[in-house]
Amino acid sequence: MTDTALRQAIAQVTETVALGTMPVVRTFFDEPTFTATHVVHDPATKRAAIIDSVADFDQPSGRITHASADAVIAYVRAEGLSIDWLLETHAHADHLSDAPYLQQHLGGKIVIGRDILTVQGVFGTIFNEPDSFARDGSQFDRLMQDGESFALGSIPAVALHVPGHTPACMAYVIGDAVFVGDTLFMPDYGTARADFPGGDARTLFRSIRRLMQLPDETRVFLCHDYKAPNRDTFVWETTIGAERTGNVHVHGDVAEDDFVKMREARDATLGMPRLILPSIQINIRAGHLPEPEGNGTRYLKLPINVL
Ligand SMILES: [Fe+2]
């Protein structure tokens, strides 16, 4: 069954391929967090978006630096790109976003899915955030809903809500490329966990099946790669066709109940991500740090025995 937003995305991919107006994608891979940051641009107009940036965080010292973002900035400047969008696929639990730093240097609007409000509510309670922490998404410049259109210069784009890994996950379809966040991993690795607060394996399965209705030739860009058995290099690009026919967890013949059983059993064995507590506190603020305390220092909290 196809819905209006999905039909729009399918038509957009088909037309982009037919016209040969594909966006250019350059990826920066952060090995400490296994995160792929994508810079995608329209070669005709040089308008661009940066998807899922990474701030370098040294947990033992509590120090945040920006070498990863500086490499992205250098590329953007060398290519003469104009940044319109700083897109977050979701509130990541394994790395800190550096969107505000990129915005300061390059401009662009910081965007996340509308359901970040749910995530802010849940984690606002977990971290006992003060009333000054708004739970209305106002830290972001724009909240996108399912089916919302935007553009990179002459290249059309549409946002799809793909909950499951988290309730607020978005996939951004830009020209013929879909940036899926953690909704899918490489075919030989499978899928992401669905056991964070607000996550749900059945919902994830349905979001993936929706994405798999995109044309087979749709380029798929992932947020993470961890290598895989028999593969010794990091890869972050595949196609919808390759996912549909070959994803080890969720290829086209896998039944919903079997996926849910597999995913829930696997998730039960996983420990929390190394950086979940600092990451979430920063990322629900659109990458901004918590307000400083009376001595001028900013702090992150460590709730005991909560997660
Ligand atoms: Fe994630």
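## Basis of the description

Helix axes are here lines fitted to C-alpha atoms over the stretch in contact, and the angles between them run from 0 to 180 degrees between N-to-C directions. Helices (H or I, at least four residues) and strands (E, at least two) are DSSP runs, numbered from the N terminus. The model is predicted, and local features need pLDDT of at least 70, side-chain atom pairs count only at pLDDT 80 or more, and totals for chains, interfaces and linings use all residues. Residues are numbered from 1 along each chain as its sequence is written, and side-chain values use heavy atoms, with hydrogens and water left out.

## Helix H3 and its packing against H2

Helix H3 spans residues 99-106, and Ala 99, Pro 100, Tyr 101, Leu 102 and Leu 106 within this helix are buried, a term that stands for under 20% relative accessible area with a 1.4 Å probe and protein chains only. These buried residues pack against strand E3 (47-51), helix H2 (67-79), strand E6 (82-87) and strand E7 (109-113). After H3 comes Gly 107, which has a positive phi near 80 degrees.

The axes of H2 and H3 lie 10 Å apart, and the two helices pack at an angle of about 30 degrees. H2 is therefore roughly parallel to H3, the class for angles under 35 degrees. In their contact (heavy atoms within 4.5 Å), Ala 69, Asp 70, Val 72, Ile 73, Val 76 and Arg 77 of H2 meet Tyr 101, Leu 102, His 105 and Leu 106 of H3. By class, seven nonpolar, one polar and two charged residues make up this contact of H2 with H3, where Ala, Val, Leu, Ile, Met, Phe, Trp, Tyr, Cys and Pro count as nonpolar, Asp, Glu, Lys and Arg as charged, and the others, Gly among them, as polar.

## Helices H5 and H7

Helix H5 (residues 201-211) and helix H7 (residues 256-267) cross at roughly 125 degrees, and their axes come within 9 Å. The contact joins Ala 201, Arg 202, Leu 204, Phe 205 and Arg 206 of H5 to Glu 256, Asp 257, Phe 259, Val 260, Arg 263 and Glu 264 of H7. By class, this contact of H5 with H7 has five nonpolar, no polar and six charged residues.

## The iron site

His 90 (NE2), His 165 (NE2) and Asp 182 (OD) coordinate the iron ion at 2.0 to 2.4 Å, and along the chain these donors follow the spacing H-x74-H-x16-D. Donors are N, O and S atoms within 2.8 Å of the metal (3.2 Å for Na, K and Ca), and water is not among the atoms, so sites may look incomplete.

His 165, in the loop between strand E10 (155-161) and strand E11 (170-174), and Asp 182, in the loop between strand E12 (177-181) and H5, are 17 residues apart, and the pair links distant parts of the chain. Both His 165 and Asp 182 are buried.

Methods: Buried means under 20% relative accessible area, exposed over 50%, partly exposed in between (1.4 Å probe, protein chains only). Angles under 35 degrees count as roughly parallel, over 145 as roughly antiparallel, 65 to 115 as roughly perpendicular and the rest as oblique.
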